[in-house]
Amino acid sequence: MTTEEINIGGYSYILETGKWAKQAGGSIVVRWNNMVLMANATVAHSAKEDLDFFPLTVEYREKFYSSGRIPGGFFKREARPSEKEILTSRLTDRPIRPLFPPDFHNELQLFVTLLSTDIKYPAQIHAINAASAALMISEAPFDGPVAGVQVGWINGKFILFPSSEELKKSEMNLMLAGTQNAVTMIEGSASEVAEDIMIEAIKTGHEEIKRICEMQIKLQKKVGKEKMAVEPPENLSELKAQVHSIAHSEMVEANKTIQKHARQESIDKCKENALEKLKGMWSDIEETELKSNLKKASSLLNDLEVDVVRDQIFHKSIRADGRKLDEIRAIDIEVGVLPCTHGSSVFTRGETQSLGVVTLGTASSAQIIDDIEGESKQTFYLHYNFPPFSVGEVKRFMGPGRREIGHGKLAENALRGVLPQQEKFPYVIRIVSEILESNGSSSMATICSGSLAMMDAGVPLSSPVAGIAMGLITQDKNYAVLSDIAGLEDHFGDMDFKVAGTAKGITAFQLDLKIQGIDTEIMRKALEQAKNGRLEILEKMNKVIDRGRSELSPHAPRLLTLKIPKDKIGELIGPGGKNIKMLTEKTGAEILIDPEGIVTIASTDSHAAQSAKKMIEDQFREPELNAVYEGPVKKIADFGAFVEIMPGKDGLCHISKISNQRVENVSDVLQEGQIVKVRVMAVDSKTGKISLSMKDV
C-alpha cells in the first residue's frame, strides 16, 4: 500500500492505493477523520468506431451502511441515485472532463463510493479529489491533477472545509475546483454577498487546491501507470484550406441570420452546398475514399462555423444575433397567467421562455428525504422541466435527467436565501419551471420566473432575484466576456458562468469551463458585467411586480397556527384519531400537529379555518368558575346529566341542580342532545371534574 498525507482542519488527509480494488485502472481511498471515500477509474483500451465525443461516466454513491443506517421503504437496498448523488456526480464530472485530449474517445468510467460517513463534515467535495487521484495513477491520458475545496464565510472569515454546523451559520457555501494554475469550476450559494468577497473566497480556496494537487502528483510519481498514447489528429491542412475557400464567405453570411432556427437552416444549407462542390471536385476517386473525405470535410465545416462565430466576436465585437458583448436580449414579463394556480409568471428573454408556477401547501406536502444522514423534511423545492418541443425537437421524453436536476437545484439555491422564515409564512412552497422555449440560459430564466411567480402568489420575499449566464471567448491571451449567452455561444464558447442574485448581492453561482482554467482577472470582469446585467433585469422585473401581493390567491389554503401543551396532543387527536376526525368533518379544514404541539389549520375557506381554531382553543380552555356555558346533554344518568361545555370537556349537572322544582327522573326534564345553559359551580383541581348547575344560571 502506498500513501500520501497532508493536514486539513487538524486531521490527517490521506490518499492511499494498492490495497483495495487492485483490478481497477486506478483505485484511491481517501481518509479524513471518520470519512472513507473510494474512487475507481477504468478506461477502455480502444475507442468505439465513429464516436465523436468523450464517453465519460461519473457515478457517485453513498452507502447507507456508511452511517449505520438501513434504507427506508420496502426495498431495503440502495437503488436509483438520490438527487444529492446525482448532483455530486455532476460536480465531480465538470472539472475533470475538460482535462482530457479533444481526440480521446475511449470509454472511461469513474465510480466514487462513500464507505464511511463523517457526520460532522460533508463528503461531496472530496469526491473530486478521490476521482482525480484515481485518474492520475491510472493509464487514462488525464492532464491533471484537479482538486476540490469547500469554502464558507462566517463573521468576515473564510473557513476551508466547513463542518455541517458551520455551514448553517455561513453566509456562503462555495464549492471550488481547479488545477495548480487556475480555477476550473465553481458551484454554490450565498446570502447576497458582494462580488469582491466572492473573488477573495476563490483566491483563498485556490491556495488549498494547490496543496491537494501537489500530494496527487507525489503519489503519481510513486505508483502511476504509463499513460495511454493518444493518436495525434490527422494533418488536414490542405483539406481545411479547400473548405475555407469554398464555404467561408457563405458561412459568414449565414451567421448574420438572427433567429435561431432560420440561422440553423442557413448554416445547414451552407454546409450542404460546400459538400456538393467538394463531391464534384472528387468525382474521380473511389467510393470508400470519397465517403472518408466527405466525413472529414463535414467535421471541418463544423469547425469553420465555430471559427466564424468566434472571429466575429473578437474582431467586430458583434455576436451571432447582432448584440453587443454586454447587451441583454429583449425581455417580456407576465404574471398571474394561470387563474387557478396560487401564483404564476412567464419570463421571456430572447428565444428562451420559462413558465413559473407556485403552489402553496401545508406541512403534509413537505418533501421527505431519507439518506445516510437520516430523515429530513424540505419545505421549499423547485422542479425544472425541459420538454423536447422547447427546442423544436421530436424525441422520447422520460423522467428528469441529470441536467434537469442540476438546473433545478441551482435555481432552488438562488431563491432559497430570500424566502420568509417558516414561522412567519408557514407554507410549503413548490415551484415548477416549464421551459416553453430554449435558446440558452434556461436555468437563469427559471430563477426569474420563479421569483416573479412567488411574488404573484403573495410570498413575502425579502428581495426579487434574477439570474444571468455569462460566456467567454478566448484567443491566445485575449478574451471577450459575453452577457446573457445564447445556446450557440454556450456551445461554441469557453465558459458558462451562471450568476444569480438580488440588487444587494449574489445568491447562487455556477461556473463550467471548456478550457483548462481562468484567472481572477477574467473572473472579476465576468462578475462585474454579470452584476450590471442582473440589475438591468431586476429593474424590468420590478416594473411588473416588485414584492409579494398583499392577498393570497383565493385558491391557496389559509393557514392558522396555535400551540397546545405537548401532553395534550393525544387528547386533541383522541382515541384512534376520533377527535381530530370529528373536527375535520365539522369544519372541512385540514389539521396538522407537530411533536412540539404546534397545530396548523389549513383551508381555502377562512371561516372554516377560524371555526376549527376556535373549537381547538375551546377544547383546551380551562372552564372559568361561575361562567355560563351552553352545550349539549351528552349523557343522562340516575343522579344527573353530563353536559359538554367545551369540545371534549363534560361536566356533571347533579339532579338537584337541574331545576328549582324537585326532579324525580332526569329523563323527565332532559333529553340527550338537548342544548342547555349551565353555570360552573366548582372544578376539582386534582381530578379536573366539573360541577355544573342549570338552576343557578
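Some ground rules. Residues are numbered from 1 along each chain as its sequence is written, and side-chain values use heavy atoms, with hydrogens and water left out. Because the model is predicted, local features need pLDDT of at least 70 and side-chain atom pairs count only at pLDDT 80 or more, while totals for chains, interfaces and linings use all residues.

Helices and strands here are DSSP runs, numbered from the N terminus: helices are H or I with at least four residues, strands are E with at least two.

Let's start with helices. Two packed helices are described by the angle between their axes and the distance between the axes. The axes are lines fitted to C-alpha atoms, for helices over the stretch in contact, and angles run from 0 to 180 degrees between N-to-C directions.

Take H5, residues 237–254, and H7, residues 287–316. They pack at an angle of about 50°, and their axes are 9 Å apart. So H5 and H7 are oblique to each other. The cut-offs: under 35 degrees is roughly parallel, over 145 roughly antiparallel, 65 to 115 roughly perpendicular, and the rest oblique. The crossing of H5 and H7 is right-handed. That word applies if the near helix is turned clockwise from the far one by less than a right angle; anticlockwise is left-handed.

Who meets whom? On the H5 side, the residues include Leu 239, Val 243, His 244 and Met 251. On the H7 side, they include Asn 293, Leu 300, Leu 304 and Val 308. Contact means heavy atoms within 4.5 Å. The residues of this contact between H5 and H7 divide into 10 nonpolar, 3 polar and 3 charged. For these classes, Ala, Val, Leu, Ile, Met, Phe, Trp, Tyr, Cys and Pro are nonpolar, Asp, Glu, Lys and Arg are charged, and the others, Gly among them, are polar.

Next pair: H4 and H11, the latter being residues 520–544. Their axes come within 10 Å and cross at roughly 155°. H4 and H11 are therefore roughly antiparallel to each other. Their crossing is right-handed. From H4, Glu 195, Asp 196 and Ile 199 are among the residues in contact; from H11, Met 523, Arg 524 and Lys 531 are among them. By class, the contact of H4 with H11 has 5 nonpolar, 1 polar and 6 charged residues.

Now the core. A nonpolar core is a set of buried Ala, Val, Leu, Ile, Met, Phe, Trp, Tyr and Cys residues joined through side-chain atoms within 4.5 Å. Buried means under 20% relative accessible area, exposed means over 50%, and partly exposed is in between, using a 1.4 Å probe and protein chains only.

Which residues touch the most other members of the largest nonpolar core? Ile 429, Met 454 and Phe 497, out of 140 residues. The largest share of this core, 10 residues, comes from helix H4, residues 195–223. Beyond four places in sequence, Ile 429 touches several residues, including Val 358, Phe 380, Leu 419 and Met 454.

Now single residues. Leu 15 lies in strand E2, residues 11–17. Is Leu 15 buried or exposed? Leu 15 is buried, with a relative accessible area of 1%. Its contacts beyond four places in sequence include Val 29, Ala 133 and Leu 219.

Lys 409 sits in helix H8, residues 402–416. At 16% relative accessibility, Lys 409 counts as buried. Not counting residues up to four places away, Lys 409 touches Glu 83, Leu 87, Gln 378 and Arg 416.

Lys 210 is in H4. Lys 210 is partly exposed, at 31%. Lys 210 and Gly 178 are 32 residues apart in sequence and 8.4 Å apart in space, C-alpha to C-alpha.

Asp 143 belongs to the loop between helix H2 (126–137) and strand E7 (147–154). At 43%, Asp 143 counts as partly exposed. Outside its sequence neighbours within four places, Asp 143 contacts Leu 99 and Gln 516.

Last, the backbone. Most residues other than glycine have a negative phi, and most peptide bonds are trans. Gly 144 and Pro 145 are joined by a cis peptide bond, with omega about 10°. Pro 145 is in the loop between H2 and E7.

Asn 33 has a positive phi, near 55°. Asn 33 is in the loop between strands E3 (26–32) and E4 (35–43). Ser 441 also has a positive phi, about 65°. Ser 441 lies in the loop between strand E17 (428–437) and helix H9 (442–456). At 10% relative accessibility, Ser 441 counts as buried.
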